[in-house]
Amino acid sequence: MSEPMNDTSSEGQVSQVIEVDSNLDDNDSAYDGSVGNASDIGSVASNVFNYIYENGRRYHSYREGEYLLPNDDLEQDRLDLSHHIYRLLLGGALHLAPLENPLRILDIGTGTGIWAIDMADEYPGAEIIGNDLSPIQPAWVPPNCVFEIDDFEREWEYSRPFDFIHGRELEGFVRDYDRLFAQALQHLRPNGWLEMASFQVQSYSDDGTHRKAEYLERMNDALYAASRAFGKDMASISSWKARMRKAGFQNVREETYKLPLSPWPKDPRLKEVGHYHQINMLYALGAYTYALLTRALGWKKEEIEALLIGVRKELKDPNIHVYSKAWFVYGQKPGNGPGTVPFTS
């Protein structure tokens, strides 16, 4: 397993400048002009029972409107690609929380279930439960992994506590983080861990070239405004650490990783991440904007596409050295005896 690419202090401040590959040209782009062709990522089998169609995409119908990203095959493939990017960032690891022989693990908003399935393989003695609004998880899974159709923002009905609760890519899809973190604390064993991870909807650069990405910035601003109007803010990630502490967690840690939006870095590992994340971004554009901007801000699909044309051009421009950040925030339920990590934050 390779080392994780953490580039931050304990307070999440990026410190190391990424060196730009001066030999990069358009041929280095992972984009081949075929956005919309799911074969670029791979075909993922799914069991979809409930869905509606809108703007050419398929969405869940259970608790309709609570999650504004599609659940079709194209989006499932993108979610699996995101999982691969997370593992690259963490050097192959599935989590940062220091787990010791967990027996029960809950993955809220599990999506395709790929993280839960990998965790079931890594911890064969643990029971893994994944829940989601869409029944898109595969039928053939490890014997210690099960999936449920549920809304994690409602009251949890689990009768036995968990050693680890995990949530990924939930930024912009939670109405009340204080309630979520309090409920997670209630359903953890003493010394159990909660970990939240997400790609941030914000653009950075070390050389100021993010200012050239005007369409990308406009899209981010529109997503912020729409998500606030929708009631599930896409700019809440920096508050997670304080909110976990407020809920009663201790040993709360926050780590961020630079996430290039295209293969512009010189460093081979970051270049590889940039290749995959460029594809991820190009497939995510419609997924994140169609339902959210039309429903919350009243945009027409033609307006959205006019904006996305510019964003796609910027993502392919080798002279724009933009990155986002992947955030990981994890904390421990207080407890005594073995498994308690000395309080450090």
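Colleague: At what angle do helix α4 and helix α7 pack?

Modeller: This is a predicted model, where local features need pLDDT of at least 70 and side-chain atom pairs count only at pLDDT 80 or more. Residues are numbered from 1 along each chain. Helices here are DSSP runs (H or I, at least four residues), numbered from the N terminus, and strands are E runs of at least two. Helix α4 (residues 214-230) and helix α7 (residues 301-315) have axes 7 Å apart, and they pack at about 130 degrees.

Colleague: Which residues of α7 does α4 meet?

Modeller: Contact means heavy atoms within 4.5 Å. From α4, Glu214, Tyr215, Leu216, Arg218 and Met219 take part. Their partners in α7 are Leu307, Leu308, Gly310, Val311 and Glu314.

Colleague: Is glutamate 169 buried or exposed?

Modeller: Glutamate 169 sits in the loop between β6 (162-168) and α3 (177-186), and has a positive phi of about 55 degrees without being a glycine. Buried means under 20% relative accessible area, exposed over 50%, and partly exposed in between (1.4 Å probe, protein chains only). The relative accessible area of glutamate 169 is 14%, so this residue is buried.

Colleague: Where does asparagine 251 lie?

Modeller: Asparagine 251 isn't a glycine either, yet its phi is positive, near 50 degrees. With 0% relative accessibility, asparagine 251 counts as buried. Its place is in residues 250-260, strand β8.

Technical notes: Heavy atoms only, no water. Axes fitted to C-alpha atoms, helices over the stretch in contact; angles between N-to-C directions.
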